Amino acid sequence: MVSLKNITKTYNHGTVKAVDDVSFSVEKGELFGLIGPDGAGKSSIFRMLATLLIPDKGSATVAGHDIVNDYKLIRSKVGYMPGRFSLYPDLSIEENLDFFATVFNTTVKENYHLIEDIYVQIAPFHKRRAGRLSGGMKQKLALCCALIHKPTVLFLDEPTTGVDPVSRREFWEMLKRLRQQGITILVSTPYMDEASLCDRIALIQHGRILSIDTPQGIAAAYPNSLYAVKATDMPRLIHVLSTYYPHMHSYLFGEVIHLDARGMGGYNLPDELTQFLTAEGFADIEVKPIAPTIEDCFINMLVRHDT
Amino acid sequence: MRQFIAFVKKEFFHVLRDRRTLLILFGMPLAQILIFGFALTNEIKNAQVVVIDHARDDASRHIINRLAASSYFEVRENVMDKNRMEAAFKEGHIKLAVVFPARFQSDLNHQNHAQIQVIADASDPNGATTLTGYVSSIIQDYQTELNEGNGLPYRITPEVRMLYNPQLKGAPNFVPGVMALVLMLVSVMMTAISIVREKETGTMEVLLVSPFKPMWVILAKAVPYLLLSLVNVLSILSMSVWVLDLPVAGNWLLLFAESTLFIITCLTLGIFISIRAKSQQVAMLISLMGMLLPTMMFSGFMFPIENMPVPLQIFANIVPAKWFYIIVKSIMIKGVGLEGIWRETLILCGITLFFFVISLKSFKIRLE
Amino acid sequence: MTLREPVITVENLTKRFGDFIATNAITFDVYKGEIFGFLGANGAGKTTAMRMLCGLSVPSSGRATVAGFDIYRQTEQIKRHIGYMSQKFSLYEDLTVAENIRFFGGIYGLSNHQLQSKSKALIERLGLQAERGKLVGELPLGWKQKLAFSVSILHEPRIVFLDEPTGGVDPVTRRQFWALIHEAAASGITVFVTTHYMDEAEYCNRVSIMVDGRINALGTPSELKQQFGEPSMDGVFYQLARGAKRGD
């Protein structure tokens with residue numbers, strides 16, 4: 001449904017490389033996630049696919065149409081939600097929706113079934129101006145506006161940035177339901193925990209794709225074993241670990257420390273580590289092997305890149 | 001078409017919901033008219049006038065009485081000789097002197113023609129013109145009265161002398177100027193800002209990715225401002241007629257048609273700016289510096305173009321407001337029809353076409 | 001915390017906008033050297049509360065002191081003793097690293113001598129020696145945020161307020177950022193931080209969760225997890241904020 005081949009995009013006359021030789025494709029009906037921090041090149045990719053920017057190199061198609069030559073065909077088929085707030089703050093929920101429906105040559109009535117699930121959540125406030133909505137409600141309205149013309153492909157550029165965890169979770173529930181209706185969705189996010197909710201993901205940093213696979217596939221490809229370490233006095237623990245095991249990467253992960261046991265294949269790490277830490281004066285020591293999350297994978301790739 | 005109407009409707013919501021916009025839209029013409037009409041008025045009340053009456057006859061007495069009766073003048077009679085009069089002018093005690101020659105009435109009676117010398121302090125050119133104008137009209141009235149039932153018409157010629165600024169040219173009239181100014185501001189600045197605002201809020205991105213043709217987006221933006229500007233024209237004109245007692249001598253319809261043309265010129269300018277500008281501030285700055293300032297300076301409304309250095313005179317030709325100012329003045333004050341202003345009208349059309357074409361050429365269907 | 005010396009005390013702090021109660025009688029203390037996580041859904045009233053504590057907004061009722069100063073009457077003193085950094089505004093993009101440090105240090109009245117030694121130390125600690133003369137706009141987001149944080153504590157404030165400091169930052173830099181926060185806290189600076197990353201809530205000493213203008217939970221992460229019977233802070237937050245009625 002969406003396919004990119006060796007796409008490169010630079011700004012400021014070639015001095016800033018935003019997207020660097022990116023290729024991937026998204027199948028029909030797939031929920032595909034572009035996962036990466038701000039400045040990784042996600043928005044540039046979205047804008048090129050939405051026919052708003054022309055790539056320097058490479059080619060791409062959306063719904064079978066070329067993004068440069070057939071931009072008009074693409075524009076009538078895609079729904080696009082840009083990263084920044086893209087509604088009229090001085091129009092009410094209702095007026096915004098009506099307006100976008102009309103601009104896309106349809107009516108709210110005609111495609112109401114598509115947005116019903118989402119719209120009912122904000123409907124009680126339909127007279128309220130969009131500028132006075134909370135982050136979560138704004139995102140829902142923006143999604144309604146992007147959906148109202150029944151697009152075949154939906155581009156959502158960081159729809160959950162700055163939104164609280166509860167609203168984020170609700171938003172992803174909505175995306176899942178949309179996918180069931182056969183809409184292809186390409187979504188980007190800087191939140192690693194949202195990666196597991198996609199069918200497939202591409203991890204992206206500095207304009208380059210680090211890895212593309214299903215979330216499970218990416219987690220399974222984690223090269224080393226990973227442990228969660230916990231003890232009293234966590235700040236000292238992280239210090240001790242990075243001092244005594246400098247070749248293993250250790251970092252805070254919520255209430256535990258994740259320890260990447262690179263090059264420790266032959267050892268029984270939990271036992272050794274527990275002994276060592278006890279000797280160091282720690283108590284309540286817990287060392288458990290764990291399955292890596294997407295965030296662990298991302299960290300691992302960044303660290304490998306740097307060294 | 002349905003899309004277009006929806007767009008225009010939305011645009012009206014933007015305008016009506018933003019108090020600042022509303023204030024600029026409708027408060028400004030009002031304020032301008034009032035400021036120019038009263039604060040900076042050409043009308044002068046109780047100006048100090050000396051009369052030097054060498055005639056001391058019925059006719060001169062009559063005219064002096066009329067001058068004294070009007071609220072414009074405060075007459076001091078015969079208090080000075082010519083030298084002291086000039087000193088009084090220099091010190092700014094008096095604004096105007098009226099001098100009657102010794103044989104005023106007998107000239108009038110025997111030659112049917114007499115002269116009065118009117119001397120004004122033209123260091124304030126507008127004030128001087130106005131005062132001499134008042135004097136002339138008072139004399140005119142008297143003359144009309146004399147001529148009633150009289151076979152041979154009497155003629156009194158006021159011989160006007162402007163002190164300090166003898167080249168003073170015709171009375172500037174501010175209503176055409178204010179019209180040019182207000183329309184410029186509303187049409188250029190508001191349009192430019194409202195389009196750039198969509199770029200800033202990101203809604204332009206969504207609109208571009210819609211089947212709605214980008215150029216239509218721009219045109220739909222222009223329509224509400226065209227209508228609002230016409231409302232402004234109407235309010236300025238009605239204020240000038242009802243509040244300032246300045247009637248429209250020519251054809252109202254022609255005046256409206258020409259105003260519409262000028263508004264369209266301004267709208268294309270505003271669209272052109274909005275295509276180039278990246279932020280609302282930039283759009284505002286360009287509109288103010290690049291449009292408003294030249295309008296004030298080079299339309300002939302505040303400063304006579306004839307007195308400017310040649311390069312500036314040439315530059316003034318590309319300021320649309322200059323042509324519009326001439327057109328409005330001709331229609332409103334002189335009552336000229338299209339036959340007298342077709343040249344200016346054509347020039348405005350040309351400027352409009354020029355900006356329309358380059359806007360069309362530089363309009364981007366993409367972001368960069 | 002051994003000393004438990006409060007640096008922020010808040011008692012029934014309320015802010016109304018018309019008949020809308022943005023912050024509804026919140027009460028809490030923050031102690032010296034503590035990392036205090038101030039969580040809540042969008043529109044729960046966090047920003048309003050934070051503005052009042054920074055002396056930018058006058059409360060409708062209630063009492064509060066920050067660094068010992070009253071938030072009604074001593075806002076100028078408060079501003080001198082706090083640092084502030086947010087995701088949106090941090091540094092001037094068109095000034096260089098060194099110029100930004102000079103400027104912000106200057107605002108807080110550091111002497112030239114202090115400025116010199118401090119900015120040198122800061123640049124070395126962040127490893128930005130090569131970037132000294134670069135415009136901040138050219139730095140990657142993660143570096144910008146780390147620099148902004150370091151600049152916000154340059155004048156050694158007693159408290160630093162961080163409003164979503166790590167939004168959009170990559171996971172490695174995010175952790176480096178938190179290492180900086182821990183360092184600052186260890187040196188005695190109190191850190192008051194908001195975040196939408198629930199793993200970051202775990203890095204705080206104590207956490208409060210606001211829902212609809214009220215603080216509905218307050219405690220250490222492990223206390224809260226126990227209290228709500230959830231394995232993670234994410235679960236705790238979800239349980240509390242799911243019932244939220246309003247947005248901002």
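How many salt bridges does the rule find across the interface of chain A and chain B? It finds two. A salt bridge here is a side-chain nitrogen of Lys or Arg within 4 Å of a carboxyl oxygen of Asp or Glu. One such bridge joins the side chains of A:R47 and B:E205, at 2.9 Å from N to O.

This is a predicted model: local features need pLDDT of at least 70, side-chain atom pairs count only at pLDDT 80 or more, and totals for chains, interfaces and linings use all residues. Residues are numbered from 1 along each chain as its sequence is written, chains are lettered from A in the order in which they are written, and side-chain values use heavy atoms, without hydrogens and water.

Now the interface as a whole. 32 residues of chain A are in contact with 27 residues of chain B; contact means heavy atoms within 4.5 Å. The two chains bury about 2,800 Å² between them, 61% of it on carbon and sulfur atoms. Buried area is the accessible area (1.4 Å probe) lost when two parts are put together, summed over both. On chain A's side, A:L52, A:R75 and A:Y88 supply 22% of the area buried against chain B, more than any other three residues.

Next, chain A itself. An automatic or database assignment sets the domain bounds. Chain A is divided into domain 1 (2-220) and domain 2 (226-291). Their centres, taken over C-alpha atoms, are separated by 40 Å.
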